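Biologist: Could you give me a close look at one part of this model, the pairing of charged side chains, and then place it in its surroundings? I would like the cut-offs along with the values, please.

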Amino acid sequence: MAKMVKGAKRYLLLRGRDENGDDIVIDIFSKKELDVALKEGRVKEEDDVVKVELMGKVDLKTPGKSKKRRKSISRSN
C-alpha cells in the first residue's frame with residue numbers, strides 16, 4: 001500500500017456497474033499516472049474520474065467515545 005500524506009491527491013476512475021447498478025472503482029491514479037493513461041487511451045474523456053484529497057488521519061483502531069452522558073433514572077417508591 002502506498003503511503004499517503006495529508007494533502008495528497010489521487011484520481012479514482014469509475015467505470016462499469018455492480019449487480020445493484022452502482023458504479024465501481026476500477027483504478028486509482030496519481031496526476032502523472034492519469035496523464036499517461038489518458039495519452040495511452042486507457043482512460044477516455046467520457047469516463048468518470050473523481051479527484052480525492054487526503055484531509056487527515058483517523059485512528060480506526062480505537063472506537064470514538066460518545067459525548068452524550070446517560071442520565072440515571074432514580075426510582076422512588
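Modeller: Happy to! Let's start with Asp-47 and Arg-15, whose side chains form a salt bridge with an N to O distance of 2.6 Å. The term stands for a side-chain nitrogen of Lys or Arg within 4 Å of a carboxyl oxygen of Asp or Glu. This bridge joins distant parts of the chain, 32 residues apart: Arg-15 belongs to strand S1 (residues 9-17), while Asp-47 sits in the loop between helix H1 (31-40) and strand S3 (48-53). Helices (H or I, at least four residues) and strands (E, at least two) are DSSP runs, numbered from the N terminus. Asp-47 is buried, with a relative accessible area of 14%, whereas Arg-15 is partly exposed at 32%. Here buried means under 20% relative accessible area, exposed means over 50%, and partly exposed covers what lies in between, with a 1.4 Å probe and protein chains only.

Before going on, a word on the ground rules. This is a predicted model, so local features need pLDDT of at least 70 and side-chain atom pairs count only at pLDDT 80 or more, while totals for chains, interfaces and linings use all residues. Residues are numbered from 1 along each chain as its sequence is written, and side-chain values use heavy atoms, with hydrogens and water left out.

Searching the whole structure gives three salt bridges. Another of them is found between the side chains of Asp-35 and Lys-31, at 3.2 Å from N to O. These two residues are four apart in helix H1, so about one helical turn separates them. Both ends are partly exposed: Asp-35 has a relative accessible area of 31%, and Lys-31 has 44%. Glu-40 also takes part in a bridge, with Arg-42 as its partner and 2.9 Å between the closest N and O atoms. Glu-40 is exposed, at 55% relative accessible area, and Arg-42 is partly exposed, at 44%.

Together with Leu-13, Phe-29, Leu-34, Ala-37 and Val-43, Tyr-11 makes up the largest nonpolar core, which has six residues. S1 and H1 are the elements that give two or more residues to this core. Such a core is a set of buried Ala, Val, Leu, Ile, Met, Phe, Trp, Tyr and Cys residues joined through side-chain atoms within 4.5 Å. Leu-13, in strand S1, is buried at 3% relative accessibility. Its C-alpha lies 5.3 Å from that of Asp-27, although Leu-13 and Asp-27 are 14 residues apart in sequence.

Tyr-11 also meets Ile-28 of strand S2 (residues 23-29): leaving aside residues up to four places away in sequence, Ile-28 touches Arg-10, Tyr-11, Leu-12 and Glu-33. A contact means heavy atoms within 4.5 Å.

Finally, the whole chain. One helix and three strands are present, in the order β-β-α-β from the N terminus. Of the 77 residues, 13% count as buried. Among contacts with a separation of 6 or more, 48% come from residues 24 or more positions apart. The accessible surface is about 7700 Å², and 51% of that belongs to carbon and sulfur atoms; the areas come from the Shrake-Rupley method with a 1.4 Å probe, and for residues only the protein chains shown count as cover.
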